[in-house]
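Colleague: I'm new to this one and would like to go through it with you. Can you put it up on the screen?

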Amino acid sequence: GGQFKREVTVDGQSHLLLIREEAGAPDAQFASWADAVIFVFSLESESSFEEVTRLHALLGDLRGAGDVALALVGTQGEAGTGGGPVLPGAGRGTLGSPSDSPDKISSSSPRAVEDARARALCGDMRRCLYYETCATYGLNVDR
């Protein structure tokens, strides 16, 4: 996984995000360190969506789910997405499972995870925001 820094302004106040990309299941160290987690899955992959559900349950076993801010992000096949956590720190911790294909929702490669299912999972996660992104078309890339 990679490590990244990004400065953001929220309500007129500057914050430094320390972002660490994680591969695989969260461990106790990750769970205690993360202030927030972004779960990323591919909209074309049922298995990546199921992996996010599994990883969220593991995180909940390690740390109360209400203690961590969560975001669920469905992507349209960008490389490096699809199932685990990603965003930790002063804003830290992401979990996702990789997908190496370009944007590809089409009649030959249909959407596997419908919006209503993703929103229902986000509701079950509590304190969770849901976004769909597409880097190719710039959809929610800067959110």
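Colleague: Let's start with Asp115 and Arg119: which helix do they lie in, and how many residues apart are they?

Modeller: Both are in helix 3, four residues apart, which is about one turn of the helix. Helices here are DSSP runs of H or I with at least four residues, strands are E runs of at least two, and the numbering goes from the N terminus. Before we go on: this is a predicted model, where local features need pLDDT of at least 70 and side-chain atom pairs count only at pLDDT 80 or more, while totals for chains, interfaces and linings use all residues. Residues are numbered from 1 along each chain as its sequence is written, and side-chain values use heavy atoms, with hydrogens and water left out.

Colleague: What makes Asp115 and Arg119 a salt bridge?

Modeller: The rule asks for a side-chain nitrogen of Lys or Arg within 4 Å of a carboxyl oxygen of Asp or Glu. Their closest N and O atoms are 2.9 Å apart, so the pair meets the 4 Å limit.

Colleague: How many salt bridges does the structure hold?

Modeller: Three. Another one joins Arg117 and Glu46, at 2.8 Å from N to O. That pair links distant parts of the chain, with Arg117 in helix 3 and Glu46 in helix 2, 71 residues apart. Then there is Arg54 with Glu51, at 2.7 Å; these two are three residues apart in helix 2, about one helical turn.

Colleague: Why is Arg117 called partly exposed?

Modeller: Buried means under 20% relative accessible area and exposed means over 50%, with partly exposed in between (1.4 Å probe, protein chains only). Arg117 has 34%, so it falls in the middle class. Glu46, at 27%, counts as partly exposed too.

Colleague: Why do Phe41 and Phe49 count as an aromatic pair, and what makes it edge-to-face?

Modeller: Rings of Phe, Tyr and Trp (its six-membered ring) pair if their centres lie within 6.5 Å; planes under 30 degrees apart are stacked, over 60 edge-to-face, and the rest tilted. By this rule the count comes to one aromatic pair. Phe41 and Phe49 have 5.1 Å centre to centre and 70° between the planes, and that gives edge-to-face. Both residues are buried.

Colleague: Which residues have the most contacts inside the largest nonpolar core?

Modeller: Val37, Phe39, Phe41, Leu70, Leu72 and Met125, in a core of 21 residues. Such a core is a set of buried Ala, Val, Leu, Ile, Met, Phe, Trp, Tyr and Cys residues joined through side-chain atoms within 4.5 Å. Among the elements giving it two or more residues are strand 3 (36–42), strand 4 (69–75) and helix 3 (115–125). Strand 4 is mostly covered, with six of its seven residues buried.

Colleague: How do you know that strand 4 pairs with strand 3?

Modeller: Two strands pair if DSSP finds at least two bridges between them. Strands 3 and 4 have seven and run parallel. Strand 4 is also joined to strand 7, by six bridges, again parallel.

Colleague: What is the average pLDDT of the chain?

Modeller: It's 75, and 71% of the residues score at least 70; pLDDT is the predictor's confidence in each residue, from 0 to 100. Over residues 79–103 the value is below 50. Where pLDDT is low, the predicted coordinates should not be read in detail.

Key. Contact = heavy atoms within 4.5 Å.
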